[in-house]
Structure formats: C-alpha cells, structure tokens
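Subject: Structure handover

Hello,

Here is the structure I promised you. Please open it and keep it beside this email while you read.

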Amino acid sequence: MAQRQDMSHLGTEPIPTLFRRMAIPAIIGQLAILANNFLDRMYVGHIEGWGGESLTAIGLSTPILLFTTAIASLMAGGSPWVAILLGEQKVEQAHRMVGTSLTFLCSISLLLAIAIGLFQEELLAGCGTSPEIMPYAKIYLGIITWGILPTNLTIGMAQFLTGQGMTKLGMRIIGTSVLLNLLLDPLFIFGFGWGLRGAALATTLSMTVSALQVVRHLFFSRHPIQLTTAHLGIDRQWLGVCLGMGFAPFLAMACEALVGLLYNASLSTYGGDVAVGAMAVYYVIGHIIAYLIMGLSMAMQPMISYNFGMRSFERVRQCTHLLITWSVAICSVIWFVMMVAPGGVCRLFTNDAEIATFASRYLRTYFFAGFLTGVPFVCMNTLRFVRQVKQAIGLVVFRRLLLSVPLIWLLPRFGGLPPVQAILMAAPIIDGVSAAVILCLSLRTIHHLQEA
C-alpha cells in the first residue's frame, strides 16, 4: 500500500508560501458552494413574469436553509481538533472523531429534513411569507429539503478534508457540483419550463454528486484520515468534543438565521414584499463576502491548528495577522464596488425593476461598513482553531444576540429615521462595533499564547 500523505510541511514551510498555495483553492471551493445558490437566484430572478416573486420566495426560505446548514457547521467544528490531533501524532483518535462526526451529521440531517417537510408552511409563515408568495416558497422549500443531507455532507465533511491541508481537493469536489448546476439550472428552469422547481432540483442533484465524492475520499483515498466501517458510530467522548468545538459556528449560523427572520419580518411589516425581495439581493452579496472569508479561514485553519498542536505559537500569531489583513483587503475591494455602482450590482441578481430600484437605493446604507465585515468572522474562527471555544461562543452571543437583535427591533421604532432605512442602518452599526470589540479581544488572546 502506498504511503499516506503527512502534514509536517504545515509546521516548516514559510507561512506566506503555504497561504498562497492553500488560499486560492479554498476560496474557490467556498465560492463554488455559494454558486449553487447564487445560480438559482440569478436565473430565477430573470424568469419572465414572476421572477420577482420567485426571488422573494428563495429569500424567505434562506433563514430556514441557513439553520439546516448550521448543523453542518456544528459537526465540521471538529475539523480544527482533528488537525491538532494529527499535529500531536494521535492518528487513531483523529479517525474516531471524524467517524463520529459523519454518523451524527447524517442522522441529524435526516431528522431535520423530515421535520421541515412536515411543518414547512408554518415555518415559512414564521419567516414573514405573505399569502401571495407562499405558493412559490412552498415549491422551492419542498424540493430543496431533499438536498439537506447531501448539502450538509458536502459542507460539513469536506472541511475534514481541507483541514488536512488538501484545499485543492475541496475545490475539485465543489467545482464538480457547480459545473453540474451551471448546466442543469438553465436546462431545468427554461429548457424544460420547470421554473422554480427546476432551480431547486438542479441544486439538490448537484450537491448530491459532491456528497458522493466526499464520502469516496473519506473512505477510499490514502489521506491522513482514511475511514473504515469500524470508525463509524457515535463515540460519546468525541461527540462531546465535536459539539463543543462546533457550537460556536453553529450558534453563529443559527443566530444568523434568527437575524434573517427579524430582518424579513421587519421589512415585510414596513416595506412589503418589495423590501423583502431587496433583502434577498443583500443576502446574496453578504453570502459572497462571507464565503470568501470562510475560504480564507479554511486555508489558514490547518496551519493554525497543526502549529498549535505542535506548540509553535509564534507561527500561530503570524498566521492570525496574515488572515486578518487579507480579510480586510478583500472586503474593502467588494465594498468599493458597491459604493461606486450600487445599481449595477443589484441588477446582477434580478430583472424586477421595482426590487432592483429599491435594493439600489439602500445598498450603500446596508453595506456602509462592509469593509469590516470579515474581521469578526476570522477572529472568532481563529479562537476556535486554538481551542478557545468559550471565548468564541461569547463573541458570537455578543455580535448576534446582544447587538444585532436589539438594534433591528429598536431602530425602526425609536431611531428617528424612516422605518426601512432604520432597519437597514442596523447592519453597519453591528459591523463596526463588533469588529472593534472582537478584534481587540481576539488579538489579546492570541498574543498571550506561550511557548511550551
């Protein structure tokens, strides 16, 4: 049998060289995941006659789907710990953790899909779906629910592959899904005339292909982690570790879903379906930024966690500084484009003139502090990568519960601005305040790591 790959280069090669080699595939892989939903919205938003209603329906389904994806993040949180275990040369324990994560993720995803299928109308109503949009939202959510298991397998378990330093493999797996979706979306939506049903079906099928590839590489390839059936099942010890490590990203995504619900409900009350449709456009742009930053974090995660396991804390600090610098640089470029050409950006996602005009009017307001968006995410991820889970959870609670929820509720009532503008003004306040607080606290923790 050929010798398995090792990860020793993560502790010896220059950090900028490693980062350049790993960041591009990781970013492309994350953008590819986003592209499956992005393609749906792009094509659906241009359906003649009812593209606006369909785009709004997808936007209203987003908080529900975001919560289901949070389950994948819950289990993928064990990925940094696996890299740390490999750095400590505890290979069998790393296998047990991955096997436990896979078993639990499959079980909980199936249960979640059944629950959403049974209560989809109640869930959509809770998201602020109007009677006019409800038929479209039920069509989309009813089909996309079948894709919860393969989507979670792809998003959750692929991180255990990239966490071993194989970012190019992750890019290829997701790239296959995107190419398939790119072909199926226009065929199903326009060629077969399936419309919104076709968009949901294309995404589900393409993610299923990616999930099968992830399973193949976990079991049948010679990587540092190569599972067998003996590794499957739920080990309580490692399940507890996975849940602890993954709780911060799970909580972040669950709170993001809650914030999405609040935005949709508030905008539906004060601005109607057009305002909710505009929010769907903002979701896409926000997700593009988030997935770019997630790609940076995933590229740096094996370097940070492996060197933490090796107790090379100076390399951990260097990685952290580089990650923050690049996150600000990338967000600043996107922010500049939005500030210069808001109308052109919004028209990329819809041909509904009313939604595009509304979204363009408030884009600068919503993303006013967009250049800082990545800072809280990379800082909280870095804390997880070095086992500072409690601090990461505390910062998530601060950003999403203590800061976001009150602002979204209070500003339209007491802000002294038109209600819709006040609701959207919450976003830059959240980004600015949370970036400053989280950056200071995170850097203080990282700088106090001591060499053994």
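A disulfide is counted when two cysteine sulfur atoms lie within 2.5 Å. In general terms, a disulfide is a covalent bond between the sulfur atoms of two cysteines.

Some ground rules come next. This is a predicted model, so local features need pLDDT of at least 70 and side-chain atom pairs count only at pLDDT 80 or more, while totals for chains, interfaces and linings use all residues. Residues are numbered from 1 along each chain as its sequence is written, and side-chain values use heavy atoms, with hydrogens and water left out.

**Cysteines**

How many disulfides does the rule give? The count is zero. Take cysteine 106. The closest cysteine sulfur belongs to cysteine 242 and is 13 Å away, too far for a bond. Cysteine 106 is partly exposed, at 23% relative accessible area. (Buried means under 20% relative accessible area, exposed means over 50%, and partly exposed is in between, with a 1.4 Å probe and protein chains only.) Cysteine 440 is in no disulfide either. Its nearest cysteine sulfur, in cysteine 379, is 9.2 Å away. Cysteine 440 counts as exposed, at 55% relative accessibility.

**Salt bridges**

Side chains of opposite charge can pair when their charged atoms come close. A salt bridge here is a side-chain nitrogen of Lys or Arg within 4 Å of a carboxyl oxygen of Asp or Glu. The count comes to six.

- Glutamate 121 lies in helix α5 (residues 120–126) and lysine 138 in helix α6 (residues 134–144), so the pair ties together parts 17 residues apart in sequence. Glutamate 121 is partly exposed at 41%. Lysine 138 is partly exposed at 32%.
- Arginine 400 sits in helix α15 (residues 389–414) and glutamate 256 in helix α10 (residues 236–309), so the pair ties together parts 144 residues apart in sequence. Arginine 400 is buried at 10%, whereas glutamate 256 is partly exposed at 26%.
- Arginine 399 is buried at 4%. Aspartate 431 is buried at 8%.

**Helix packing**

Axes are lines fitted to C-alpha atoms over the stretch in contact, and angles run from 0 to 180 degrees between N-to-C directions. Angles under 35 degrees count as roughly parallel, over 145 as roughly antiparallel, 65 to 115 as roughly perpendicular, and the rest as oblique.

Look at α10 and α15. They pack at about 5 degrees, with axes 9 Å apart. That makes α10 roughly parallel to α15. Their contact has 20 nonpolar, three polar and three charged residues. (Ala, Val, Leu, Ile, Met, Phe, Trp, Tyr, Cys and Pro count as nonpolar, Asp, Glu, Lys and Arg as charged, and the others, Gly among them, as polar.)

Now turn to α13 (residues 353–366) and α16 (residues 419–447). They pack at about 40 degrees, with axes 8 Å apart. The two are therefore oblique to each other. Contact means heavy atoms within 4.5 Å. From α13, the contact residues are Phe358, Tyr362, Thr365 and Tyr366. From α16, they include Val420, Leu424 and Pro428. The residues of this contact divide into eight nonpolar, two polar and no charged.

Best wishes

Methods: Helix = DSSP H or I, 4+ residues; strand = E, 2+ residues; numbered from the N terminus.
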